[in-house]
Structure formats: structure tokens, C-alpha cells
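Dear colleague,

I am handing over the structure we spoke of, together with notes on what was found in it. Please look through the model first, and then read on.

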Amino acid sequence: MKLTSAEITNLWNTYMNDSGVICHLQHEVNKAEDMEIKALIQYALDISKSHIETITKILNNENYPIPHGFKLDEDVDVTAPRLFTDIYSLFSTNNLGKLGLNAYSVALPLAVREDIYTFFSECLRESDDILKKTNDLLLKKGLFMKPPLLPTPDNFDFVGKKSFLAGYLGEKRPLTGTEITNLYANFQRNALGSATMIGYSQVANKKDVTDFILRGKEIAQKHCEIFGSYLSESDIPSPTTLDTEVTDSITYTFSDRKMLFYTTALTAISVGYYGASMSVSPRRDLGVMYSRLVAENLKFADDGAKLMIKYGWLEEPPRALDRDELAKKKRG
């Protein structure tokens, strides 16, 4: 059975993402000082390398071209001074587990062929394992950011007023548990993104790439402020930021191409998170807020793609045939 469009696309995306992750983790594992954190980074690194090997075999058997992706000898200097602290690396590895659970839970139901299903099923299990191991270590080190607690109600209840949906004028009802959960998680993701952009901006080479990454940092910090303000209205504390977990290194560490890809990819992922948050937030002001932030991130991701095209860095994903193009070739 030939690979379906969904299978080939998800394999391609996994290859691209893991090849970039390998560059990031290889540098971090070389610089990590905490041995427990170092061991977890190495564990995640080995998993990403195994994904590349498996996908390469599958694509070779299908006579499908291997993506260029990212290379250790092209996109990272593993000997460069450390750019992030061990604490950042632990949170970053934890986030890899979360991103993997989301990505592979989408890829798995779309896998038809047995070998592809088995591969993504294993990827899902590995992501769960990374998340569990990093959660345990964050708890052990007193770094785990627990979501807020909620009071225990006396009994169940039903909504009796239409004001439950309001949020523009008049009295706003307190946030629901689902709304709190998403605001808190989106704050955490943007806090990690802000720290990442700060580090990237320090080592980027081209001015327009640096300016773009700095713009991403400002967007992430602004979104943290917005999410934090909604939490504050309900007397709920915001998570801790990670901006101080970036070193003062300005030495070349990652290629501009790799950092630009990572920046736009994370931004695109955030659009999905915001959309999911909007769908489960009944308060209308939250829906409007998420709509505005989605539009801002879409514009930012689009500008990032244009910048990658400008420098010839955007690798074309699997796509359908352009029949008009084929017809023109025949006439030519």
C-alpha cells in the first residue's frame, strides 16, 4: 500500500521538526551541568535521532526524497557557549513532550499502513514518557508550575442567566476552570517562547532576522501580559516567566535558518492552541481576545515565511500536482 497524503505529510513534518530538535538538544546536552537534566536531554535527543533513522528507511523504501531538514554540521555549533540555563532546558524538554503528544495524537488516527501506525503509536508513547520524566524532575526540583486550585462546590448547578456568556459590559462572571486552564497554559507557552526569542535574538546574524525574532519576543511578552491580566481579575496568580534563564552569550550558536524555522513553527502551533482555547471559553470577551491574538500570530507567521522565502530557506512540503504547470511544460 502506498503512503497516503496524510502519512507522507506527517512523516515529512516529523523529520523536519526532529532534525531541528536534534540541533537544539545536542548543544544543550553538551553544556548541561545538572546531571539529572543532562540525562533527560540525552534521552529526548536519542528519541529524535531514532525518528530520523526510521523515517529515512521508510522514505527510501518508497523512493521518496529525504527532506534536507537541519544538520549538525550546518545549523549549530555544538561547542558554542551555553545560551540557556539548565532550568530553561528542562522546561524546553518538557514542552517537547507536550508538543509531541499533540502532533502524534493527530498523526496516529490518520495512519492507515501498519508500519506507519506502529511508528506514530511509538512516538506518542515516547512523548508521554518524556513528559512524565520531565514533570517528575520539575516536581523534584521544586520548579513545576502547578495550575491554580479551585474551591469545592456544595453541589452541581445549572446556568440560570444569559450574563454567563457576557464579558463586555456590566459585571463579569468569574472564570471557569476550563478558561483558567487555557489562560494559564497559554501564559506558560508564551513565557517559554519569550525566553527562546531573547536567546535567539542575541546570536542571530542577519539584521532582518534579528528584528523579526525581537518582534516575536515582544508579541510573546505582550500575550503573557494579556493572559496574566485575565487571571489577575479572578485573583489567580500567573506562572513564572523564564526570561532570566538566558545567558549573555552573543556567540554564533544556531543558524538563522534554524531559528527562523523554529520561531515560525511555534507561532503556527500557538494559533491552534488559541483556537482550541477560544472554542471552550463561553465568555464573549475571551473569544474576542483570542480572535485578535490569532490574527496577530497569523500575520507574524506569514511574515516569517516570507523572510524564509527571501533567503531560500523555506523547504517545500509534500503537495499535490500542479496540473496547469504540467500542461505548460508539455507545450514548452
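A cavity, as the word is used here, is a set of grid points where a 1.4 Å probe fits but cannot get out, and its volume is the space filled by probe spheres set on those points. Please keep in mind throughout that this is a predicted model.

Enclosed space

Two or more lining residues come from each of helix H4 (86–107), helix H6 (177–203), helix H7 (207–233), H8 and helix H9 (284–310), and it is H8 that gives the most, with eight residues. By class, the lining of this largest cavity divides into twelve nonpolar, eleven polar and one charged residue.

The second largest cavity has a volume of about 70 Å³, and the residues that line it are His27, Glu28, Lys31, Ala32, Arg82, Leu83, Phe84, Asp86, Ser89 and Phe254. Helix H1 (5–31) and H4 are the elements that supply two or more residues to this lining, with H1 giving the most, at three residues. Four of the lining residues of the second largest cavity are nonpolar, two are polar and four are charged.

The lining of the largest pocket has 30 nonpolar, 13 polar and four charged residues.

The second largest pocket holds about 430 Å³ and is lined by 20 residues, of which Asn94, Lys98, Ala185, Gln188 and Arg189 lie nearest its centre. Here H4, H5 and H6 each give two or more residues to the lining, and H6 gives the most, with seven. The classes in the lining of the second largest pocket are eleven nonpolar, seven polar and two charged residues.

The nonpolar core

The largest nonpolar core has 83 residues, and those with the most contacts inside it are Leu11, Phe120, Leu183, Tyr200, Phe227 and Met289. At least two residues of this core are supplied by each of H1, H2, H4, helix H5 (114–140), H6, H7, H8 and H9, and H6 gives the most, with eleven residues.

Aromatic rings and charges over them

A search of the whole structure finds eleven aromatic pairs. In one of them the rings of Phe70 and Phe261 have their centres 4.9 Å apart and their planes at 55 degrees, so this pair counts as tilted. Because Phe70 lies in the loop between helix H2 (35–61) and helix H3 (72–75), while Phe261 lies in helix H8 (residues 256–279), the pair ties together parts that are 191 residues apart in sequence. With buried taken as under 20% relative accessible area, Phe70 counts as buried at 6% relative accessibility, and Phe261 counts as buried at 16%.

Another pair, that of Phe84 and Tyr88, is stacked, with 3.9 Å from centre to centre and 15 degrees between the planes. Phe84 counts as buried at 5% relative accessibility, and Tyr88 is buried with a relative accessible area of 1%. Phe84 is also one of the residues that line the second largest cavity. Tyr104, Phe119 and Phe120 form one aromatic cluster, and Phe120 is among the residues with the most contacts inside the largest nonpolar core.

Finally, two lysines are placed over tyrosine rings. The charged end of Lys133 sits over the ring of Tyr43, 5.4 Å from the ring centre, and Lys258 lies over the face of Tyr262, at 4.7 Å from the centre of that ring.

With best wishes

Methods: Residues numbered from 1 in each chain as written. Predicted model: local features only at pLDDT ≥ 70, side-chain atom pairs only at ≥ 80, totals over all residues. Heavy atoms only, no water. Phe/Tyr/Trp six-rings, centres within 6.5 Å; stacked < 30°, edge-to-face > 60°. Helix = DSSP H or I, 4+ residues; strand = E, 2+ residues; numbered from the N terminus. Buried < 20%, exposed > 50% of the residue type's maximum accessible area, 1.4 Å probe, protein only. Lys NZ or Arg CZ within 6 Å of the ring centre and 35° of its normal. Nonpolar A, V, L, I, M, F, W, Y, C, P; charged D, E, K, R; others polar. 1 Å grid on protein atoms, 1.4 Å probe; cavity = no way out; pocket = protein on both sides within 12 Å on 5 of 7 lines; lining within 4 Å. Core = buried A, V, L, I, M, F, W, Y, C linked by side-chain atoms within 4.5 Å.
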